[in-house]
Amino acid sequence: MKRRSLLKAFALSATVASMGLAWSAQAADTIKVGIMHSLSGTMAISETPLKDVALMTIDEINAKGGVLGKKLEPVVVDPASNWPLFAEKARQLLTQDKAAVVFGCWTSVSRKSVLPVFEELNGLLFYPVQYEGEEMSPNVFYTGAAPNQQAIPAVEYLMSEDGGSAKRFFLLGTDYVYPRTTNKILRAFLHSKGVEDKDIEEVYTPFGYSDYQTIVSNIKKFAAGGKTAVVSTINGDSNVPFYKELANQGIKATDIPVVAFSVGEEELRGIDTKPLVGQLAAWNYFESIDNPTNAKFVADYRAYAKAHNLPNAASVVTNDPMEATYVGIHMWAQAVEKAGTTDVDKVRAAMAGQTFKAPDGFTLTMDQTNHHLHKPVMIGEVEENGQFNVVWQTDQPVRAQPWSPYIAGNDKKPDHPMKAAQ
């Protein structure tokens with residue numbers, strides 16, 4: 001009996017060991033990829049689609065054999081529009097989940113929250129949203145726009161005859177680092193163009209703010225002093241009540257044009273856009289762009305939404321940060337293949353000069369030195385159907401300037417993130 005029990009125990013332990021080896025082999029056959037976006041809270045309206053397009057892109061890469069012969073395994077976390085929680089989730093992804101790379105964040109305050117974690121642990125973050133610049137990190141690749149790829153060209157357009165020849169500027173944003181720093185840069189730029197402080201107004205509101213009646217009234221009063229344009233750096237779900245209040249008070253694009261830097265197709269869903277026709281957004285991509293690459297991107301996302309029963313799957317849209325997410329994941333996969341490993345230092349080196357034919361119609365290049373994409377700049381007008389008609393764009397992608405030349409002392413800043421880290 002003792003001998004039989006010993007044999008059973010040995011067989012059981014062998015089975016457990018075999019299962020453990022099989023599990024380890026299975027784990028080693030995948031590459032974990034972190035997806036870190038707010039799926040709840042005030043930023044969920046903007047960030048949830050980035051999670052969805054990231055999962056679609058991972059499926060697309062896996063269908064073609066994965067990376068280095070291994071399938072990508074997404075690990076999705078929800079920091080819930082809670083900025084300190086972003087840092088906790090980033091640490092979890094890098095230390096517990098062993099993610100080889102993380103795609104995530106929208107607001108600059110969330111990016112600033114996770115940045116020390118990625119630099120401490122030598123992780124790799126791909127950040128897919130336009131931002132204020134004034135930063136370069138060896139641990140971040142910025143696939144959204146720097147100010148010279150969005151904010152500066154947009155204001156130049158507003159000052160031009162085609163854009164309404166604006167002389168006065170109402171800078172309206174959410175109260176955090178991106179709007180405040182962007183507006184600091186824009187104020188310096190406007191000064192260089194001869195615009196005085198009396199013709200510039202800055203107003204900020206908290207995240208989740210909804211009562212824009214007084215602010216819109218003040219915009220109308222400010223506009224009585226001369227040809228005025230509004231530059232909006234409002235983020236998240238506050239855009240919905242802001243645009244509704246513009247319509248309520250009868251503000252039309254022909255009277256006071258509004259150019260937005262964080263409003264795209266997704267934010268306009270569910271809003272009656274008829275009163276907003278002609279209002280502007282500055283991005284590097286719009287869903288309405290007509291080319292075969294974009295047609296496939298849009299069709300693939302709609303098919304993904306239907307197959308995965310996404311909310312309102314029949315009316316899903318694509319937008320600029322979604323394209324930047326898509327491009328970033330593909331570029332990272334290409335860099336891993338080139339490096340032959342997911343090792344961060346080697347992937348970082350392999351990212352330099354990576355190219356990818358993007359839905360925006362251009363072949364985008366990751367800059368050899370500054371970790372930013374060369375991107376085209378586009379300005380679109382809101383149409384009745386919630387899409388944008390592109391009214392102006394650059395002929396070629398523009399190289400990013402992470403350090404704005406309009407900020408004193410930036411000419412002495414390093415042009416390479418590895419130099420900044422030394």
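**Exercise 1. Which residues does Gln-150 touch, not counting residues up to four places away in sequence?**

Solution. Start with the rule: contact means heavy atoms within 4.5 Å. Leave out residues up to four places away in sequence; Gln-150 then touches Gln-130, Ala-145, Tyr-178, Phe-261, Ala-282, Trp-283 and Val-377. Now place Gln-150 itself: the residue sits in the loop between strand S5 (140-142) and helix H5 (151-159). Helices (H or I, at least four residues) and strands (E, at least two) are DSSP runs, numbered from the N terminus.

A note on the model: it is predicted, so local features need pLDDT of at least 70 and side-chain atom pairs count only at pLDDT 80 or more, while totals for chains, interfaces and linings use all residues. Residues are numbered from 1 along each chain as its sequence is written, and side-chain values use heavy atoms, with hydrogens and water left out.

**Exercise 2. Is Gln-150 buried or exposed?**

Solution. Take the cut-offs: buried means under 20% relative accessible area, exposed over 50%, partly exposed in between (1.4 Å probe, protein chains only). Read the value: Gln-150 has a relative accessible area of 2%. Gln-150 is therefore buried.

**Exercise 3. Which residues of helix H8 (residues 239-248) are buried, and what covers them?**

Solution. First list the buried residues: Asn-239, Val-240, Phe-242, Tyr-243, Glu-245 and Leu-246. Next, find their cover. It includes helices H2 (44-63), H7 (213-223) and H9 (265-268). Strands S6 (168-174), S8 (228-233) and S9 (258-260) also belong to this cover. Last, look just after H8: Gly-250 takes a positive phi of about 70°.

**Exercise 4. Into which domains is the protein divided?**

Solution. Domain 1 covers 31-145 + 290-375, and domain 2 covers 149-287. The contact between them takes 35 residues from domain 1 and 25 residues from domain 2. Taken over C-alpha atoms, the two centres are 28 Å apart.

**Exercise 5. Why does the radius of gyration agree with a compact globule?**

Solution. Take the radius over C-alpha atoms; the globule rule is 2.2 Å times the number of residues to the power 0.38. For 422 residues, the rule gives a value near 22 Å. The protein has 23 Å, so the two agree. Then check the extent: along its principal axes, the C-alpha trace spans about 100 × 50 × 40 Å. Finally, count the elements: the protein has 13 helices and 15 strands.

Key
Domains from an automatic or database assignment.
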